[in-house]
Amino acid sequence: PVPPPVCLSALLPAPRTAPAGCLIDQLAGKASLYAELVRDYAVDTLWILMDPAIFNRLVRQRRWSVERYQAWFSRSARRLLVDEDPAATTISTKKRK
């Protein structure tokens, strides 16, 4: 079997927006993102959730377990990006103004 495609930008040192964009593109292929959500906004949303300062504050300062952080991250990203309505359309390719 052929392995699934890997977004190489997610593996290379780069600003977090590159891996966030790759993840948004992969997510859009698997789930219906909010129709009104412009791709750049989706990337920004995921990028801010991926900020190491948030991990540091919740895990190191607030003493969350890594498992709790991972569950929060997944739940937050899903609520902010994924439209649970099966009839929803996918992410817009419009550029933000």
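Visitor: In which hand does H1 pass H2?

Guide: This is a predicted model, and in it H1 crosses H2 in a right-handed way. The two helices, H1 at residues 17-28 and H2 at residues 39-49, pack at an angle of about 120 degrees, and their axes are 8 Å apart.

Visitor: Which residues of H1 and H2 meet?

Guide: From H1 they include Ala20, Leu23 and Asp25, and from H2 they include Arg39, Val43 and Trp47. Sorted by class, this contact has eight nonpolar, two polar and two charged residues.

Visitor: What makes aspartate 25 and arginine 39 a salt bridge?

Guide: A salt bridge needs a side-chain nitrogen of Lys or Arg within 4 Å of a carboxyl oxygen of Asp or Glu. The closest N and O atoms of aspartate 25 and arginine 39 are 2.8 Å apart, so the pair qualifies. A search of the whole structure finds one salt bridge. Because aspartate 25 lies in helix H1 and arginine 39 in helix H2, the pair ties together parts that are 14 residues apart in sequence.

Visitor: Why is aspartate 25 called partly exposed?

Guide: The label covers values between 20% and 50% relative accessible area. Aspartate 25 has 43%, so the label applies. Arginine 39, at 29%, is also partly exposed.

Visitor: Why is alanine 77 called buried?

Guide: Buried means under 20%, and alanine 77 has a relative accessible area of 11%, so it counts as buried. Alanine 77 is in helix H4 and touches Leu46, Leu49 and Val82, leaving aside residues up to four places away in sequence.

How values were computed: Residues numbered from 1 in each chain as written. Predicted model: local features only at pLDDT ≥ 70, side-chain atom pairs only at ≥ 80, totals over all residues. Heavy atoms only, no water. Axes fitted to C-alpha atoms, helices over the stretch in contact; angles between N-to-C directions. Helix = DSSP H or I, 4+ residues; strand = E, 2+ residues; numbered from the N terminus. Left-handed = near helix turned anticlockwise from the far one by under 90°. Contact = heavy atoms within 4.5 Å. Nonpolar A, V, L, I, M, F, W, Y, C, P; charged D, E, K, R; others polar. Buried < 20%, exposed > 50% of the residue type's maximum accessible area, 1.4 Å probe, protein only.
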